[in-house]
There are 2 protein chains.
Amino acid sequence: MTQTLAIGNYTPDETQKLESEFAPLFLDDPTQIGTLDAALRDQIKAVAYKGHHPFGPDAMAQLPALGIIANYGVGYDAIDVAVATHNGIKITNTPDVLNDDVADLAVGMILMHGRQMAQASSWMRSGHWAGKGAFALNRKVSGSTAGILGLGRIGREIAVRLEAFKMDIHYWSRSEKDTLGYIYHDDPVALAGAVDYLVVALVGGAETQRMVSADVLSALGENGVLVNISRGSTVDEAALFTALETGTINGAALDVFDNEPQIDPRFYALDNVVLQPHQGSGTVETRAAMAALQRDNISAFLNGAPLVTPVN
Amino acid sequence: MTQTLAIGNYTPDETQKLESEFAPLFLDDPTQIGTLDAALRDQIKAVAYKGHHPFGPDAMAQLPALGIIANYGVGYDAIDVAVATHNGIKITNTPDVLNDDVADLAVGMILMHGRQMAQASSWMRSGHWAGKGAFALNRKVSGSTAGILGLGRIGREIAVRLEAFKMDIHYWSRSEKDTLGYIYHDDPVALAGAVDYLVVALVGGAETQRMVSADVLSALGENGVLVNISRGSTVDEAALFTALETGTINGAALDVFDNEPQIDPRFYALDNVVLQPHQGSGTVETRAAMAALQRDNISAFLNGAPLVTPVN
């Protein structure tokens, strides 16, 4: 009987590799664990988890032999780590392999926003160039000031790229970091008030919930652009709508949202927002690396070897 | 009587500043010069030129007192410089002030292409995310290899930005440059064969005409992406269509085309191409700087002072 349960929406390639290595059971999300026979559940030592549904005490209690939840993704805010740790369940994630992709998408969204590139593309493809004259002038990006909210590994990758666009880098983090030339602010409102682009690269979870508040958005101001590649939970989305709809900030570039994928349709009516479907790590190359790291962690656990990227 | 003729499609702000400084005559393009009375034409010492229509011997002969053509833009391939020089007419352009914007657009187009950002944006705005599941995985950009065809001032700005995306930089130029760590190739085909992204940053004109040939595109290969922010004339567009339509290259990201703005509508049918409407320098900030530099050159000429940015 298998020791492994794979939960989530795996691609055909990922599914095949999981089957070949672990012959797991497959479920769509943690709420379905209870549908398995107790005899099956009692054997499960490892969960390969991919998704954003909460994975909490109830789900863990249904898997009495569980020893590891190997999360696919760097952000494991869907998993109740405190309860897992209390029950002796190890959590792993897939850090670092996705940093480049997420940083690339953040920079791409900033350029798309400033240079109105999605609008320019649609306008051309509608055949307007020949008939309507030149496309509207837009906004210079290089030489702006950037603020990184959360200077972790992904935040640093974003900062390094933006430096090449001649941007001064400001940041907020829980503590001041050893950085060469980056300017530290000890609260998010002060950071927002100092920059043109506020790039959210926080971890998710309770401690960063709605950190981008109405006050932060107000400080960002009418020339300011909010960029979010972290989690929708970090932003007060109601306050963001007010700011975008009344023009108290210049715009936003968002890869993450509340209630994904059922996002608020009010976003679609806004022309000053770049929208991406939570695809920060969504390349063939990086997703393959993430899936391999998830399997490596499960394999290490089942073989009694040290975990590759443990969280707790 | 005015000594200045402004030719081109100036914005209201540019028009007002030209009027306030020079009270010029205004025309749409050089073919209209002959419609002016000879008495007016005989007084014209300076032309402020904005556009891509040819400005050749006939136009110059109709302005016997002409001493300067101050071009709006860094590329002056529309102006017959040899004839101008022969007739003692100075040419100026607007270099450097636009380098950042053009480089920004090049990098933005590379990211949009690899990460399918325009498609992802349209797909979301059509409300597909909730109903159709995750957006298709796409292509990692960071860590690729970039080739700069023409390592002038704009090419270098592009290279510096792409270095921050962990790309190795290769280049072709008329001669090897003093660069730290960039790899020189002595012909464009060899360059194309060595890289993932071939970024064209050549000057326009006869010497670079169709330098991106069928052979170059063939060497670029099925993983290769052509990026052009220079002039449509540098690319064999017929060969490009063949390469794009048959998949012998991966795609293209184009800001410039043959026959702008009446570009070939076959481009609109291609999903593997990022299209932008020749907006490399199209920001409010940079166009204001270009217009100011154009006026400064005219003002210097009329006052007998040294030209700010002479070409010949």
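Trainee: Which residues does T208(B) touch, not counting those up to four places away in sequence?
Mentor: This is a predicted model, so keep that in mind throughout. T208(B) touches L202(B), V203(B), S233(B) and T234(B), with residues up to four places away in sequence left out.

Trainee: Where does T208(B) sit?
Mentor: In the loop between strand 9 (197–200) and helix 10 (214–220) of chain B.

Trainee: Is T208(B) buried or exposed?
Mentor: Buried. Its relative accessibility is 5%, and the cut-off for buried is under 20%.

Trainee: Changing topic. Which residues of helix 11 of chain B are buried?
Mentor: Helix 11 covers residues 237–246 of chain B. Buried there are E237(B), A239(B), L240(B), F241(B), A243(B) and L244(B).

Trainee: What covers them?
Mentor: The cover includes helix 10, strand 10 (225–228), strand 11 (251–254) and strand 12 (273–275) of chain B.

Trainee: And what happens at the start of helix 11 of chain B?
Mentor: A side-chain oxygen of D236(B) comes to within 3.3 Å of the backbone nitrogen of A238(B). Just after the helix, G247(B) has a positive phi of about 75°.

Trainee: On to the two chains. What rotation superposes chain A on chain B?
Mentor: One of 180°, with 0.0 Å of shift along its axis. The RMSD is 0.0 Å. That is how copies on a two-fold axis are related. Both copies use the same surface: 100% of the contact residues of chain A recur in chain B.

Trainee: How many residues are in contact, and what area is buried between chain A and chain B?
Mentor: 56 residues of chain A contact 56 residues of chain B. The buried area is about 5,000 Å², and carbon and sulfur atoms give 60% of it. In chain A, R115(A), R125(A) and W129(A) lose the most area to chain B. Together they make up 16% of what that side buries.

Trainee: What about polar contacts and salt bridges across the interface of chain A and chain B?
Mentor: There are 32 residue pairs in polar contact, both residues being at pLDDT 80 or more. The rule also finds six salt bridges across that interface.

Trainee: Which elements of chain A supply the side that touches chain B?
Mentor: Six elements supply at least two residues each: helix 5 (99–114), helix 6 (117–125), helix 7 (128–132), helix 8 (153–164), strand 12 (273–275) and helix 12 (284–302). Helix 5 of chain A gives the most, with nine residues.

Trainee: Take one bridge. What does K166(B) pair with?
Mentor: K166(B) forms a salt bridge with D100(A), and the closest N and O atoms are 2.7 Å apart. K166(B) is in the loop between helix 8 (153–163) and strand 7 (168–172) of chain B, while D100(A) is in helix 5 of chain A, so the bridge joins two chains.

Trainee: Which residue does K166(A) bridge to in helix 8 of chain B?
Mentor: E157(B), at 3.1 Å from N to O. K166(A) lies in the loop between helix 8 and strand 7 (168–172) of chain A, so this pair joins two chains. E157(B) is buried, at 18%. K166(A) is partly exposed, at 42%. Elsewhere, salt bridges with shared partners link D100(A), D104(A), E157(A), R161(A), K140(B) and K166(B) in one network.

Trainee: K166(A) has what other partner?
Mentor: D100(B), with the closest N and O atoms 2.7 Å apart.

Trainee: How many salt bridges does the structure hold over all chains?
Mentor: 30. One within chain A pairs D13(A) with K17(A), at 3.0 Å between the closest N and O atoms.

Trainee: Last one. What does UniProt place at residues 107–280 of chain A?
Mentor: An unreviewed UniProt entry gives "domain: D-isomer specific 2-hydroxyacid dehydrogenase NAD-binding" there. Over residues 107–280 the chain is 33% helix and 16% strand, and the end C-alpha atoms are 11 Å apart.

Technical notes. Residues are numbered from 1 along each chain as its sequence is written. Chains are lettered from A and ligands numbered from 1 in the order in which they are written. This is a predicted model: local features need pLDDT of at least 70, side-chain atom pairs count only at pLDDT 80 or more; totals for chains, interfaces and linings use all residues. Side-chain values use heavy atoms; hydrogens and water are left out. Copies are superposed by least squares on the C-alpha atoms of residues with pLDDT of at least 70 in both. Contact means heavy atoms within 4.5 Å. Helices (H or I, at least four residues) and strands (E, at least two) are DSSP runs, numbered from the N terminus. Buried means under 20% relative accessible area, exposed over 50%, partly exposed in between (1.4 Å probe, protein chains only). UniProt positions are given in the numbering used here, feature names are shortened, and annotations may be inferred rather than shown by experiment. Buried area is the accessible area (1.4 Å probe) that two parts lose on being put together, summed over both. A salt bridge is a side-chain nitrogen of Lys or Arg within 4 Å of a carboxyl oxygen of Asp or Glu. A polar contact is a pair of N or O atoms within 3.5 Å; within protein, one must be able to donate a hydrogen and the other to accept it, and residues adjacent in sequence count only if both atoms are side-chain atoms.
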